[in-house]
Amino acid sequence: MQQRDYILRMIEQAGEAIRALRDRILGRKVDRQALRSELGTLLTGQGLDLELVRAADGDTLFLMVAPTGEIDATRCWVLAETLYLDGLDTHLDGRPRDARPSLEKALRLYRAVSPGAAFYGLDEADERIREVEAMLLAGQDGRAGSQS
């Protein structure tokens, strides 16, 4: 029981960190180096590396979130959120083409999490999917527009 409570607290802390990072990115109150460091820390907590995740293709990402064949929903969500935040920052920086790889990977991972899934106070997967799809569409049209 104590181990389960500890794990839940760790997950809640990751959710709070993700939410705070998103707010800072949307408010354009984030230093690029600090963002990389914080994203790296989020992934390190899941036993992953930011540069490896950025370089991985979609199939490799699924091996990272489903090492036993069954998707670890928490790991999948943290990985999706990390890629989303990476892409969101780049997109809002006016570089939608550079944001595309992270956003496409995030979208694929969100879709792998069961519909309607939520991660400790963050948006539901369906809402994130719509947001990422809108950014990808805007980038296709050559617009970087901000998200709410």
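Predicted model: local features only at pLDDT ≥ 70, side-chain atom pairs only at ≥ 80, totals over all residues.
**Exercise 1**

Determine where Asp 89 sits, whether Asp 89 is buried or exposed, and which side chains make polar contacts with the side chain of Asp 89.

Solution. 

Step 1. Locate the residue. Asp 89 belongs to helix 5, which covers residues 73-92.

Step 2. Classify its accessibility. Buried means under 20% relative accessible area. The value for Asp 89 is 3%, so Asp 89 is buried.

Step 3. List the contacts, leaving out neighbours within four places in sequence. Asp 89 is then in contact with Ile 25, Arg 28, Val 30, Arg 32 and Leu 35.

Step 4. Look for polar contacts between side chains. The side chain of Asp 89 has one with the side chain of Arg 28 at 3.1 Å, and one with the side chain of Arg 32 at 2.7 Å.

**Exercise 2**

Take the pair Arg 28 and Asp 89: find the N to O distance of their salt bridge and state which parts of the chain the pair links.

Solution. 

Step 1. Apply the cut-off. A salt bridge needs a side-chain nitrogen of Lys or Arg within 4 Å of a carboxyl oxygen of Asp or Glu. The N to O distance between the side chains of Arg 28 and Asp 89 is 3.1 Å, and the two form a salt bridge.

Step 2. Arg 28 lies in the loop between helix 1 (2-26) and helix 2 (32-44), while Asp 89 lies in helix 5; the pair is 61 residues apart and links distant parts of the chain.

Step 3. Assign accessibility to each partner. Arg 28 is partly exposed, at 39%, whereas Asp 89 is buried, at 3%.

**Exercise 3**

Describe the salt bridges Glu 51 to Arg 36 and Arg 128 to Glu 81 by distance, location and accessibility.

Solution. 

Step 1. Begin with Glu 51 and Arg 36. Their side chains form a salt bridge at 3.5 Å, N to O. Glu 51 is in helix 3 (residues 50-55) and Arg 36 in helix 2, so the bridge ties together parts 15 residues apart in sequence.

Step 2. Glu 51 is partly exposed at 46%, and Arg 36 is partly exposed at 37%.

Step 3. Turn to Arg 128 and Glu 81. The N to O distance of this salt bridge is 2.8 Å. Arg 128 is in helix 7 (residues 125-140) and Glu 81 in helix 5, so parts 47 residues apart in sequence are tied together. Both residues are buried.

**Exercise 4**

State how many salt bridges the whole structure holds and which residues are joined into one network by shared partners.

Solution. 

Step 1. The whole structure holds 15 salt bridges.

Step 2. Salt bridges with shared partners join Arg 28, Arg 32, Asp 89, Asp 93, Arg 95 and Asp 98 into one network.

Note on methods:
Residues numbered from 1 in each chain as written. Heavy atoms only, no water. Helix = DSSP H or I, 4+ residues; strand = E, 2+ residues; numbered from the N terminus. Buried < 20%, exposed > 50% of the residue type's maximum accessible area, 1.4 Å probe, protein only. Polar contact = N/O pair within 3.5 Å; in protein donor to acceptor, adjacent residues only side chain to side chain. Contact = heavy atoms within 4.5 Å.
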